[in-house]
Amino acid sequence: MSKDAAKSNAPRAWQRMISGRRLDLLDPSPFDVEIEDIAHGLARVARWNGQTKGDHAFSVAEHSVVVLNILDALYPGLDAKLRLAALLHDAPEYVIGDMISPFKAALGVDYRSFEDRLEAAVHLRFGLPAKLSKENKRKIKRADMICAYFEATQIAGFTHEESINFFGRPPAGLEIAIRPLPVKQAQLLFLERFETVLAEVEAKG
């Protein structure tokens with residue numbers, strides 16, 4: 001079989017986005033990443049595989065905004081680029097969905113490298129480093145885990161003790177209300193926060 005024939009018979013490895021962009025999943029290009037596609041996708045991806053209370057799923061788009069709010073509460077005055085990275089910390093899920101942590105662990109290193117390539121493309125598209133420093137990743141992860149605690153106890157059916165065991169105890173005095181929004185509202189919330197933080201990044205050069 002010729003190389004051209006083998007290529008034509010290969011499984012499709014790209015995703016057509018709502019913007020019309022065609023994103024190569026194996027070798028994603030920053031030039032094919034659009035924030036409207038990210039917001040559209042994340043607003044339709046449910047946290048906890050949709051196993052949450054209420055009339056609406058708690059979307060990854062809304063989760064991302066809450067994580068940024070928590071980061072701001074933990075570390076006031078952070079650099080705008082780190083705040084933008086926090087908002088985009090789950091951006092690859094607009095393509096691959098939100099897999100629960102146990103399933104990610106079962107898939108292993110190959111999944112992580114796939115996710116990392118998508119994250120790098122998103123970061124480069126919006127003027128961020130392809131990879132964050134360990135310290136910056138630690139700060140975002142801390143905010144992410146605190147958000148998970150509040151989600152788990154308020155909408156995902158976890159007890160207080162279970163949530164502390166899996167996600168840690170949130171800082172004293174920090175209270176976050178998890179109120180799942182309809183898809184369109186979550187999408188708009190994410191886009192509005194993105195535009196605000198991006199303007200801060202651009203203002204600081």
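The side chains of Lys-141 and Asp-144 form a salt bridge, with N and O 3.7 Å apart. The term covers a side-chain nitrogen of Lys or Arg within 4 Å of a carboxyl oxygen of Asp or Glu. Both residues sit in helix 8, three residues apart, or about one turn of the helix. Lys-141 is partly exposed at 45% relative accessible area. Asp-144 is buried at 12%. Buried means under 20% relative accessible area, exposed over 50%, and partly exposed in between (1.4 Å probe, protein chains only).

Elsewhere, salt bridges with shared partners join Arg-21, Asp-32, Glu-34 and Arg-125 into one network.

## Model and conventions

This is a predicted model, in which local features need pLDDT of at least 70, side-chain atom pairs count only at pLDDT 80 or more, and totals for chains, interfaces and linings use all residues. Residues are numbered from 1 along each chain as its sequence is written, and side-chain values use heavy atoms, leaving out hydrogens and water.

## Overall build

The protein chain has 10 helices and two strands. Their order from the N terminus is α-β-β-α-α-α-α-α-α-α-α-α. Helices (H or I, at least four residues) and strands (E, at least two) are DSSP runs, numbered from the N terminus.

Of the 205 residues, 45% count as buried. The accessible surface of the protein chain is about 11200 Å², and 54% of it belongs to carbon and sulfur atoms. Areas come from the Shrake-Rupley method with a 1.4 Å probe; for residues, only the protein chains shown count as cover. Among contacts in the protein chain with a separation of 6 or more, 64% are between residues 24 or more positions apart. Contact means heavy atoms within 4.5 Å.

## Other salt bridges

Side chains of opposite charge can pair when their charged atoms come close. The whole structure holds nine salt bridges. One of them pairs Glu-119 with Lys-137, the closest N and O atoms being 4.0 Å apart. This pair links distant parts of the chain: Glu-119 lies in helix 7 (residues 109-125) and Lys-137 in helix 8 (residues 134-154), 18 residues apart. Glu-119 is buried at 16% relative accessibility. Lys-137 is partly exposed at 41%.

Glu-135 and Arg-138 also meet in a salt bridge, at 2.8 Å from N to O. They are three residues apart in helix 8, so about one helical turn separates them. Glu-135 is partly exposed at 39% relative accessibility. Arg-138 is partly exposed at 41%.

## Arg-83

Arg-83 lies in helix 4 (residues 80-87). Its relative accessible area is 13%, so Arg-83 is buried. Leaving aside neighbours within four places in sequence, Arg-83 contacts Leu-68, Leu-71, Asp-72, Leu-78, Val-197 and Glu-200.
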